[in-house]
Amino acid sequence: MKVAVAGCCHGALDKMYETLELLQRRHNVRPDLLLCCGDFQAVRNEADLRCMAVPAKYRHMQTFYRYYSGEKKAPVLTVFIGGNHEASNHLQELPYGGWVAPNIYYLGYAGVVRFRGVRIGGISGIFKSHDYRKGHFECPPYNQQTIRSAYHVRNIEVFKLKQLKRPIDIFMSHDWPRSIYHYGNKKQLLKMKSFFRQEVESNTLGNPAASELLQHLKPTYWFSAHLHVKFAAFMQHETNSKEELPKATKFLALDKCLPHRDFLQIIDVEHDPNAGDSLEYDAEWIAILKATNNLINVTQSSWNMPENNGLHAKWDYSVTEEAIKEVLEELNYDLKIPCNFTLTAACYDPSKPKNNMEPVHTINPQTTEFCAQFGLTDINDRIQQAKEEASGQGECEEEMDSTGSAEEPSEYNTDNSGLSSFNPDEIMLDEEGGDEDLSTCSVDPSPDHPPEFSTSFSDIRIMPDSMAVSSDDATDSNNEELEKSGGSKQVEEKSSTERSLKRIGGDENGNSGVKKIKRRNQAIYAAEDEDKTD
């Protein structure tokens, strides 16, 4: 089946769907599924805008509200994760995932679903070491701290994902897995984004927790966004035994959704031809949620997940085949996710703006139904209970219901997800160089795909299912650089027969002269004052 993948959407749903429709009209290519790697911006109204961590003057309604209200419907099933520019109050309603509009599904803080037999996982947000071990304690109305910490990745979500044993086909994260840049054309990346050099050379750019997941899950594809630059890599994983078959991950980072940007990729993914067209629950993931339910923490206290270090009675929360079978029996072997989207907030009305609308903490019926069905804790209900108890006692007394340990030091003792002189959530980017493609160097035309688009239609590239980087692209770094990163072995193992990526349309213009460094998301969120406090 054909899967379209988009980077940072920034609320431009009309642009995304129009581009897909244009692709179908011109080349008879119709994707069966659209994936979006964060910064989706499911903004329903003015209150949602107030919950988005961007300067006030860049809080624009965009077009999601039209899909939320029912005025429009997504023409293709869309599955997305959260990034660091979201209506956090809206997404917080669905910690386990759910529909934000008809045909548009959010994966939750972390999640795994199935579509046509293809197993799709993802984790929302970006990594910050100072919030990593906390619980999901935030709720609207947010303050200057919680409006950002609300989208920071937590260790419990990573822990849950690390309990997965069955193979994952596709995985999404917003920020890149740390070290992935050592497995692609690093030289070209640094040519485009020279201000990444220090972090790349010190191996501190990206998400260390995502890197752990990459090593553990070994998905066939891994898609990311966040840095607003296209980049491909091919990572050959080490095997744990002689009997284990070699595995490799094809990584692709996507550019943001703007006119005249190559922000969409289309890949062919093997699927089950006998599977239905409905989005489905993943039985192993549901079983893991049930097994880890008592680990939920809704406090600000730092809390490490159980591990085999002598301090925990139980540390392995992976599930048995019997537990998975129990989930299937609970569902009568019908894994179809119910289409139970419900409006939980007033929708924006351009003729009647409500600029003073305040956000409220909402319990979403989808989450209530999901938790009741599988015996899970509704995180938002738990937060509200904790607030009421604290209010009744006249103080903020935090209780903890977990089997972890609060005394252990964090395994991540530095916060390197952004440049230290600025708000770490706003990574420095050179927007002038955004049109050059780092994922399609040394490419040849493919007879298997349509001819090149016109120069005015540069928003889509179609890729073969072997989305590997060519050997020329992958071996640009010298041995000294690779030894610093620990990546020399994997790069040397890349096969010279790996097929190059194919590109359709778009400019190949390089950048010359002095580059002007801009803030991340400059065209949309050019933060001057408000983004320096994180």
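This is a predicted model: local features need pLDDT of at least 70, side-chain atom pairs count only at pLDDT 80 or more; totals for chains, interfaces and linings use all residues.
Trainee: What is the overall make-up of the chain in helices and strands?

Mentor: The chain holds 18 helices and 14 strands. Of its 534 residues, 60% are buried. The accessible surface comes to about 21,500 Å², and carbon and sulfur atoms account for 46% of that surface.

Trainee: Among contacts between residues at least 6 apart in sequence, what percentage join residues at least 24 apart?

Mentor: The share is 82%.

Trainee: Why is Met192 called buried?

Mentor: Its relative accessibility is 0%, and the cut-off for a buried residue is under 20%. Met192 therefore counts as buried. The residue belongs to helix H8, which spans residues 186–192. Met192 and Val229 are 37 residues apart in sequence, while their C-alpha atoms are 8.6 Å apart in space.

Trainee: Is Lys230 counted as buried or exposed, and what is the reason?

Mentor: Lys230 has 0% relative accessibility, so it counts as buried. This lysine sits in the loop between strand S9 (221–224) and strand S10 (231–237).

Trainee: What makes the pairing of Lys230 with Asp255 a polar contact?

Mentor: The two side chains are joined at 3.3 Å, and the limit for such a pair of N or O atoms is 3.5 Å. The distance falls within that limit, so the term polar contact applies.

Trainee: How do you know how many disulfides the chain has?

Mentor: A disulfide requires two cysteine sulfur atoms within 2.5 Å. By this rule the count is zero. Individual cysteines may still be described by accessibility. Cys51, at 1%, counts as buried, whereas Cys339, at 69%, counts as exposed because the threshold for that word is over 50%.

Trainee: Why is helix H10 described as largely enclosed?

Mentor: Helix H10 covers residues 208–217, and seven of its 10 residues are buried, so the rest of the structure largely encloses it. The buried residues are Pro208, Ala209, Ala210, Ser211, Leu213, Leu214 and Leu217.

Trainee: What is found at the start of H10, and what just after it?

Mentor: At the start, a side-chain oxygen of Asn207 comes to within 2.8 Å of the backbone nitrogen of Ala209. Just after the helix, Lys218 adopts a positive phi of about 50 degrees.

Trainee: What makes helix H11 largely enclosed as well?

Mentor: Seven of the nine residues of H11 are buried, so this helix too is largely enclosed by the rest of the structure. The buried residues are Ala283, Glu284, Trp285, Ile286, Ala287, Ile288 and Leu289. Their cover includes strand S6 (110–115), strand S7 (118–123), helix H7 (155–161), strand S13 (279–281), H12 and helix H13 (365–374). At the start of H11, a side-chain oxygen of Asp282 reaches to within 3.3 Å of the backbone nitrogen of Glu284.

Trainee: Why are H11 and H12 called roughly perpendicular?

Mentor: Two packed helices are described by the angle between their axes and the distance between the axes. Here the axes of H11 (residues 283–291) and H12 (residues 321–330) come within 8 Å and cross at roughly 105 degrees. The range for roughly perpendicular is 65 to 115 degrees. H11 and H12 therefore qualify as roughly perpendicular to each other.

Trainee: Which residues of H11 and H12 meet?

Mentor: From H11, Ala283, Glu284, Ile286, Ala287 and Lys290 take part. They meet Ala323, Ile324, Val327, Leu328 and Glu330 of H12.

Terms used
Residues are numbered from 1 along each chain as its sequence is written. Side-chain values use heavy atoms; hydrogens and water are left out. Helices (H or I, at least four residues) and strands (E, at least two) are DSSP runs, numbered from the N terminus. Buried means under 20% relative accessible area, exposed over 50%, partly exposed in between (1.4 Å probe, protein chains only). A polar contact is a pair of N or O atoms within 3.5 Å; within protein, one must be able to donate a hydrogen and the other to accept it, and residues adjacent in sequence count only if both atoms are side-chain atoms. Contact means heavy atoms within 4.5 Å. Accessible areas come from the Shrake-Rupley method with a 1.4 Å probe; for residues, only the protein chains shown count as cover. Axes are lines fitted to C-alpha atoms, for helices over the stretch in contact, and angles run from 0 to 180 degrees between N-to-C directions. Angles under 35 degrees count as roughly parallel, over 145 as roughly antiparallel, 65 to 115 as roughly perpendicular and the rest as oblique.
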